Structure formats: structure tokens, C-alpha cells
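Hi everyone, thanks for making time.

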Amino acid sequence: PRYHVDFGQYKLRKADVENVKPSDKWKLIEQGIRVSSLNDISEGDSFLSFRVYFKSEALDFAYSFKDQKPYLINEYVGKNMLPACTVRGITEDDLFYAVVEPEDLDNFQKETGKILVDGEIDPESNPYIITFKLGELVKN
């Protein structure tokens, strides 16, 4: 295989998924006993981006080929460096793109003063797409 992601004691085992209803598998994930399989996998020049689910939460990771370590993108949301968002992928030149609900974008801009979208944000509009470079966030 090109990549191998190991969640240790939290990985889904064969016995967890064989002959089991999908709802039973998700109970293990919701309870924090297991981590879901990888979702939304995307590769750039310097990062591998993917999402997993654990304890009913979507966790977006970026594995750095250079540092050989994973970065939890959700931590940058918690530090007000990014708005609450759903990472959808990464371009070849490491530009991550994510979907942000209007309310989350508006709250982020008001709380941080960081303007990602000019003009008034309509709370009834469709989600916005933002882009960011993880390398710039990691430096801070």
C-alpha cells in the first residue's frame, strides 16, 4: 500500500464489521471505542488530508510528508485560526479547501476580526468555500 494509517487500539477490527449491522458499527465509533475508516482522502505535494469519525465528531487530519506527523485541523478551529468548517480536500500545491456555513463564517469574522469574505454574509445563503494553507497556520 502507498499509505498506512494505524489508530492502534481504536482501529476498526475485522470482527467489528463482519456480520454486523452498520448501526452497531457506528455505536462503537460514537462511544469512542473505535475510529471510523478514512473519509474524504486527498493528497497534495506536502500533505495527505483525510477525515475520520470518533465519539460522534468529524475529525479532519493532515499528515505532513515533511514532518512525518499528523495535524488535527480541528485544533486550529478551536484556536480561532479557522472558522468551523468541513475540509473537502487539498490541491497539488497544498491549498486546502473547506465548506463553511454562513453563520459560522459570520461568527468567526466578528470574533476574530479576520475577514475571509468581504461584504455582508447572508445567513440564509448556501455554504461558503474557503481555502487555506496549513503550513501558514502551523507556523503560528
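Let me start with a question: how many residues does the hairpin that joins E1 to E2 run through? The hairpin goes from E1 to E2 through three residues. Before I go on, please keep in mind that this is a predicted model.

Okay, the overall picture. The protein chain has five helices and seven strands. If you read along the sequence, the order is α-α-β-β-β-β-α-β-β-α-β-α. The C-alpha atoms fill a box of roughly 50 × 35 × 20 Å along the principal axes. There are 140 residues in the chain, and 33% of them are buried. And among contacts with a separation of 6 or more, 44% are between residues 24 or more positions apart.

Back to the strands. E1, residues 39–43, and E2 run antiparallel and are joined by three bridges. Phe 54, for instance, has Glu 57 in E3 as its bridge partner.

So how buried is E2? Seven of its eight residues are buried, so E2 is largely enclosed by the rest of the structure.

Now look at the turn between E2 and E3. This hairpin has two residues between the strands, and Lys 55 has a positive phi near 55° there. Ser 56 sits in the loop between E2 and E3 too, and its phi is also positive, near 65°. I point these out because most residues other than glycine have a negative phi. Is Ser 56 buried or exposed? Ser 56 is exposed, because its relative accessible area is 58% and the cut-off for exposed is over 50%.

What does Lys 55 touch, once we leave aside neighbours within four places in sequence? Lys 55 is in contact with Ile 29, Glu 30, Gln 31 and Gly 32. To give you a sense of distance, the C-alpha atoms of Lys 55 and Met 81 are separated by 23 Å, with the two residues 26 apart along the chain.

On strand E3, have a look at Asp 60. Asp 60 counts as buried, because its relative accessibility is 6% and the cut-off for buried is under 20%. Leaving aside neighbours within four places in sequence, Asp 60 has contacts that include Phe 50, Arg 51, Tyr 71, Cys 85 and Val 87.

Let's go inside. The largest nonpolar core has 21 residues, and Phe 47, Ile 73, Tyr 76, Phe 96, Phe 132, Leu 134 and Leu 137 have the most contacts inside it. Helix H3, strands E5, E6 and E7, and helix H5 each supply at least two residues of this core. Apart from it there is another core, of seven residues, including Val 35, Leu 48, Phe 50 and Val 52.

Phe 96 is worth a click. Not counting residues up to four places away in sequence, Phe 96 touches, among them, Phe 47, Ile 73, Val 87, Ile 130, Phe 132 and Leu 134.

E7 pairs with E6 in the antiparallel sense, over six bridges, and Tyr 128 is the bridge partner of Val 100.

Last topic: pockets. The largest pocket has a volume of about 200 Å³. Its lining includes Ser 46, Lys 66, Asp 67, Tyr 71, Asp 93, Asp 94 and Lys 133. Which element gives the most to that lining? That's helix H5, residues 134–139, with three residues. By class, the lining has four nonpolar, three polar and five charged residues.

The second largest pocket holds about 160 Å³ of space. Tyr 3, Val 5, Phe 7, Leu 48, Phe 61 and Pro 70 are among the residues lining it. Strands E2 and E3 are the elements that give two or more residues to this lining. Its residues divide into eight nonpolar, one polar and no charged.

That's my tour, so over to you.

Conventions:
Residues numbered from 1 in each chain as written. Predicted model: local features only at pLDDT ≥ 70, side-chain atom pairs only at ≥ 80, totals over all residues. Heavy atoms only, no water. 1 Å grid on protein atoms, 1.4 Å probe; cavity = no way out; pocket = protein on both sides within 12 Å on 5 of 7 lines; lining within 4 Å. Points joined across faces, edges and corners; volume = space filled by probe spheres on them. Helix = DSSP H or I, 4+ residues; strand = E, 2+ residues; numbered from the N terminus. Nonpolar A, V, L, I, M, F, W, Y, C, P; charged D, E, K, R; others polar. Buried < 20%, exposed > 50% of the residue type's maximum accessible area, 1.4 Å probe, protein only. Core = buried A, V, L, I, M, F, W, Y, C linked by side-chain atoms within 4.5 Å. Contact = heavy atoms within 4.5 Å. Pairing = 2+ DSSP bridges.
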